[in-house]
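Biologist: I would like to learn how to read this structure feature by feature. Please put it on the screen and start with helix packing.

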Amino acid sequence: MPDGGIGASNKRREDVRFLTGKGRYTDDFNRPDQTYVWFLRSDVAHGRIRKLDISAAEQMPGVVKIFTAADFASAGGIPAGWMVTDRFGQPMKEPKHPILAEGKVRHVGDPIAAVVAETRAQARDAAEAIELDIEELPAVVDMRAALADGASLVHEEAGTNLCYDWGFVEDNRDAVDAAIKAAPHVTTLELVNNRLVPNAMEPRAAIGEYDAADDQHTLYTTSQNPHVIRLLMGAFVLGIPEQKLRVVAPDVGGGFGSKIFHYAEEAFVTAAAKAVGRPVKWTSTRSEAFMSDAHGRDHVTRIELATDLQGKFLAIRSTTLANMGAYLSTFAPSIPTYLHGTLMAGNYTTPLIYVNVRAVFTNTVPVDAYRGAGRPEATFQLERVVDKAARELGIDPIEIRRKNFVKPDQYPYQTPVAVNYDTGNYDATMDKLVEIADVAGFPARKAESAARGKLRGLGISSYIEACGIAPSNLVGQLGARAGLYEAATVRVNPTGGITVFTGSHSHGQGHETTFPQVVASMLGIDPGQIEISHGDTAKVPFGMGTYGSRSLAVGGSAIVKAMDKIIAKAKKIAAHLMEASEADIELKDGRFSVAGTDRSVAWTDVTLAAYVPHNYPLEQIEPGLEETAFYDPSNFTYPAGCYACEVEVDPETGVVSVLGFAAADDFGNVVNPMIVEGQVHGGIAQGIGQAMLEAAGYDADGQLVTGSYMDYAMPRSNDVPSYKVDHSCVTPCTHNPLGVKGCGEAGAIGSPPAFVNAVLDALNGGGIAVDHINMPLTPSRVWAAIQAARA
Amino acid sequence: MPQVSMTVNGRKVTGEVEGRTLLVDFLREGLRLTGTHVGCDTAQCGACVVHVDGRSVKACNIFALEADGTEVTTIEGIAKDGALSVVQAAFQTHHGLQCGFCTPGMVMTATSLLAENPDPSEAEIREYLEGNICRCTGYHNIVKAIRAAATELGAARVAAE
């Protein structure tokens, strides 16, 4: 089957190299004369460095140089990319995040010293010979304890562990309080959104290289956004101008947010390569990843939903403590605020909403965006409290949602939490879900389970997310320190082939396959003639990268804009070649024709003319056929859908089995259905992982007790079912040229509440009254809840 | 340093290794066969699965010296004459990979499964993949790909009989 354009499930062209072991991941690269670095990391959560003696370690075999904070006295701190202003108008606390610990360690894993040696093993051996004495300080792990009077301070200079106290929308605060006080019914839920470790299967890696001949730095790194790393590291940390710094992110083995951020190790290898005059390579072990990759989620929330007695939503008040960890990671301040508070309306017409978030420093690994990033936290509390309200009011969980959905005739819909939904149809996705999840057949399946002594439950959730981030002028007002457009260059070659340089970055999303489908559809040529280049600041003019389900909606739109320019110029050339009026030129199936005639020229005639301009309108247009475009969206996109999870609970053991999962999504238009469905599958598995298995745990002293796959439960093939996914409900995005919304995060956003709602439906439907169980719903937690209910 | 010799993808190789050198490091750094990946350090993720004397082995879990004298097949040795194996092709057709990092281990494990059990059920496939973690696909399409490969290989066997 030949490859098709938009709408075709083309097989992925990148697969062949991945399937044959020819992928090019960062750790697969070795540079000539390369050295290796091993980081000595803190094994205590909080302490003052009393002694750091590297003299014995320097004598160890193979050691090239050992670095400490003193070597980075002139470097800046690792910056936060967002400034949040608190509800009193004050800026957030933004303490310095040094490359190597300056006198104090603030979490287990905080790097203290770095040994550069001839081999990795020698670097590791020498690190063990460093004499280190740390005076332990009391660690703050629990967020409430961190905010208590007299709590040990993670950053003394901040004077508090409170990073910010944010209210949204602050002007709604009193009205929401009054509405909740006056409401006929209020459903309240206190819950934890559990801390997760992203765990992309490729551990992070970085190689720094310096060419003294022309003062050029190169950083190879596992990044979702190499230009952003170049900007943050070059401008804020090391003082290297963009033209002297190249950042390459080759094949990257998954990201899920964790490879957005600029990490200290990247700055280290870049600076160290110049200092030692040789390339410096770092490859994280998985154990290191657990204590140095930014974690996700970690919110403690109280949500109140005021309703009338028929289940109409009147007001929502959400109060959250959000863990920042020990330092502010790149996106961290924005996650519990602008990617969380703005989503609190969900799919519903609740007229009054107030969100309060207090962000807290603790002696734990920094917390930042993880698949969904703020939106799963908003969706989880909302969809849980809606389910609880339905139970309290005796209303069917599907009906209470329908009763409050924004209806198709209400768009554009202005929420009370700033965002404006352009389009959607939530009843349509609910109808589709009811069909594909076979909701009608559930009672029979439940009876069959009951006959075997098992409790079957069906859990429903709805979600909406804000994707395609973002309008730069809007996020600028909200405190973003960068624009969030995307860039693309389309280079048409003389013989008609095309190279597209995109600022989006693929680390599993399949851009090398889908972006050519878009370009091919615009020209009517074979996608096989189109190559995608990404992940190298020396090739791609600029880019903001891939996160927040933005690649197609923003990066794809930039490609369309550049292609519009290409086609406009190509039509001028074609008009000249055919001695016709430009207005009469039509493009179809790779040929330019003069409307109403049989005259035409091929795409390749035009491209050749552009580069061999013997017969060419040189007085009107330049030779060549290459265009660049930047696309800055005018609004977010709003993918939405309805999910159903079906579980069976063994009431004797608390073991939960996921028997089925169905997802009905509205992603707008879809370019490659196969890839879109794969994205949903993966998101659902991560959501089930969060809800059933995963939790990053710290003990009271701040020791990470889940530091490997032996104690952090990753979802495995046996833990999850096959999924039924549907994306046939389409309301195209109204403000980008492709009508696309983004699909990367949806699965991870909609699935945790569906799972928890299913378990609670099983228990309550089996006569075991349980209001809530905190994630992950491990057998011991479910069993304990059953025992407590029966007591 | 001790010497180690083995046959890798049909080629005889010899190298010097430390006693602590893992097979995966010998393959990746000694032989520059970087298709075999390291995803963890506790022998849990399966990104490093290779075949040693025909059996699936996590190459991070044995020393290079333990593989002395064996026949090793890595992901680079699966496609023959540039043509993807049935399992590899099924992974592409059914979108059984996204970032590709766990993929070599998945293909090696799936190839072993079908050698041992030519017609596995979905449950048997999921059980067999227990030692291979994928963070991208949610396993759905991996399971589908292996089932499809089993069907195709089964049809080929019938045709050959």
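Modeller: This is a predicted model. Two packed helices are described by the angle between their axes and the distance between the axes. Here, helix 9 (residues 375–393) of chain A packs against helix 10 (residues 397–404) of chain A at about 115 degrees, and their axes are 9 Å apart.

Biologist: Are helix 9 and helix 10 of chain A roughly parallel or roughly perpendicular?

Modeller: Angles of 65 to 115 degrees count as roughly perpendicular, so helix 9 of chain A and helix 10 of chain A are roughly perpendicular to each other. Their crossing is right-handed. Helix 9 of chain A contributes A:Val386, A:Asp387, A:Ala389 and A:Ala390 to the contact, while A:Pro397, A:Ile400 and A:Arg401 come from helix 10 of chain A. By type, the residues of this contact are five nonpolar, no polar and two charged.

Biologist: Now the sheets. In what order do the seven strands of the open sheet in chain A lie?

Modeller: The order is 3-5-1-12-9-10-11, and the pairing is mixed. Strand 3 (63–67) and strand 11 (245–248) of chain A are the edge strands, each pairing on one side only. On average, neighbouring strands in this sheet are turned by 20 degrees against each other, direction ignored.

Biologist: In which sense do strand 1 and strand 12 of chain A pair?

Modeller: Strand 1 (residues 35–41) and strand 12 (residues 280–283) of chain A pair in the parallel sense, over two bridges. A:Thr35 has A:Val280 of strand 12 of chain A as its bridge partner. Helix 3 (residues 120–128) of chain A packs on this sheet and touches strand 1, strand 3 and strand 5 (111–117) of chain A; its direction makes about 30 degrees with that of strand 1 of chain A. Helix 7 (residues 264–276) of chain A lies across several strands, including strand 9 (205–211) and strand 10 (216–221) of chain A, and runs at about 30 degrees to strand 9 of chain A.

Biologist: Which strands form the open sheet of four in chain A?

Modeller: Its order is 21-20-19-25, again with mixed pairing. The edges are strand 21 (530–533) and strand 25 (626–631) of chain A. Strand 19 (residues 486–492) and strand 20 (residues 498–502) of chain A run antiparallel and are joined by five bridges. Within that pair, A:Val492 is the bridge partner of A:Ile498. Helix 15 (residues 551–577) of chain A packs on the sheet, touching strand 19, strand 20 and strand 25 of chain A, and its direction makes about 40 degrees with that of strand 19 of chain A.

Biologist: How do I read an interface?

Modeller: The size of an interface is often given as the accessible area lost when the parts come together. For this model I have contact counts: 42 residues of chain A are in contact with 42 residues of chain B. On the chain A side, helix 1 (15–19), helix 8 (286–292) and helix 17 (673–693) each give two or more residues. The largest share, seven residues, comes from helix 17 of chain A. That side divides into 16 nonpolar, 17 polar and nine charged residues.

Biologist: What is the pattern of chain B along the sequence?

Modeller: Chain B follows β-β-α-β-β-β-α-α-α-α, with five helices and five strands. Its radius of gyration is 16 Å, close to the 15 Å of the globule rule for 161 residues, so chain B is as compact as a globular protein of that length.

Biologist: Which residue takes a positive phi in the hairpin of strand 3 and strand 4 of chain B?

Modeller: B:Asp53 does, near 50 degrees; the hairpin has two residues between the strands. Strand 3 (residues 49–52) and strand 4 (residues 55–58) of chain B run antiparallel, joined by four bridges, and B:His51 stands opposite B:Ser56 of strand 4 of chain B.

Conventions: Residues are numbered from 1 along each chain as its sequence is written. Chains are lettered from A and ligands numbered from 1 in the order in which they are written. This is a predicted model: local features need pLDDT of at least 70, side-chain atom pairs count only at pLDDT 80 or more; totals for chains, interfaces and linings use all residues. Axes are lines fitted to C-alpha atoms, for helices over the stretch in contact, and angles run from 0 to 180 degrees between N-to-C directions. Angles under 35 degrees count as roughly parallel, over 145 as roughly antiparallel, 65 to 115 as roughly perpendicular and the rest as oblique. A crossing is left-handed if the near helix is turned anticlockwise from the far one by less than a right angle, and right-handed if clockwise. Two residues are in contact if their C-beta atoms, placed from the backbone, lie within 7 Å. Ala, Val, Leu, Ile, Met, Phe, Trp, Tyr, Cys and Pro count as nonpolar, Asp, Glu, Lys and Arg as charged, and the others, Gly among them, as polar. Two strands pair if DSSP finds at least two bridges between them. The radius of gyration is taken over C-alpha atoms; the globule rule is 2.2 Å times the number of residues to the power 0.38.
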